[in-house]
Amino acid sequence: MPSSDLPDADSAAPELPPEVPAAPPAPEAPRAEMTPAACAERLRELFPALFAGPPKPIKLRIQADIQQRAPGVFTKPALSGFLRRLTGSTSYLIALTRAKQRFDLDGQPAGELSDEHRQAANDELARRQSEGIARRIHQ
């Protein structure tokens with residue numbers, strides 16, 4: 001290509017077409033719902049003092065604390081499902097019967113465990129035990 005066909009470095013740049021307004025951003029794709037197991041793993045990573053190791057009685061209304069300290073990480077249904085599974089587990093109920101305190105996200109005491117909650121845990125454990133015995137008898 002002859003050098004006369006090349007644009008001069010001094011020549012003005014070609015005019016660009018007027019800017020076309022950008023399309024509005026696409027709505028965010030809905031987050032895939034986190035399973036209770038994935039939720040448990042993420043909570044262990046974020047708050048190991050409370051969620052790593054054997055279960056500890058958790059502070060009442062801990063869900064609001066989690067959402068405040070980890071905004072946008074957990075959906076309400078995912079967190080509710082995890083907490084329902086945790087607080088209904090036999091190991092958690094046993095922890096309730098033995099503890100005097102509830103614990104916050106940092107593993108620090110966050111209020112006394114009421115006698116009413118301790119008794120409810122004992123009652124549920126007794127019910128599960130009698131159900132298990134009845135099931136074994138009828139097998």
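Tutor: A polar contact is a pair of N or O atoms within 3.5 Å, where within protein one must be able to donate a hydrogen and the other to accept it. Please keep in mind throughout that this is a predicted model.

Turning to the pocket, about 160 Å³ of space lies in the largest one, and its lining is made up of Ile58, Lys59, Leu60, Arg61, Ile62, Gln63, Leu83, Thr87, Tyr92 and Arg102.

Among the lining residues is Ile58, and, leaving aside neighbours within four places in sequence, isoleucine 58 is in contact with Leu50, Phe51, Leu83, Leu86, Thr87, Tyr92, Arg102 and Phe103. Ile58 also belongs to the largest nonpolar core, which has 24 residues, and there Leu43, Phe51, Ile58, Ile66 and Phe82 touch the most other members. Helices H1 (36–46), H2 (48–51), H3 (62–69), H4 (76–87), H5 (90–98) and H6 (115–137) each supply at least two residues of this core, and the largest share, four residues, comes from H4.

The loop between H3 and H4 holds threonine 75, which counts as buried because its relative accessible area is 17%, where buried means under 20%. The side chain of threonine 75 reaches the backbone nitrogen of alanine 78 at 3.2 Å, a polar contact in the sense given at the start.

Methods:
Residues numbered from 1 in each chain as written. Predicted model: local features only at pLDDT ≥ 70, side-chain atom pairs only at ≥ 80, totals over all residues. Heavy atoms only, no water. Core = buried A, V, L, I, M, F, W, Y, C linked by side-chain atoms within 4.5 Å. Buried < 20%, exposed > 50% of the residue type's maximum accessible area, 1.4 Å probe, protein only. Contact = heavy atoms within 4.5 Å. 1 Å grid on protein atoms, 1.4 Å probe; cavity = no way out; pocket = protein on both sides within 12 Å on 5 of 7 lines; lining within 4 Å. Points joined across faces, edges and corners; volume = space filled by probe spheres on them.
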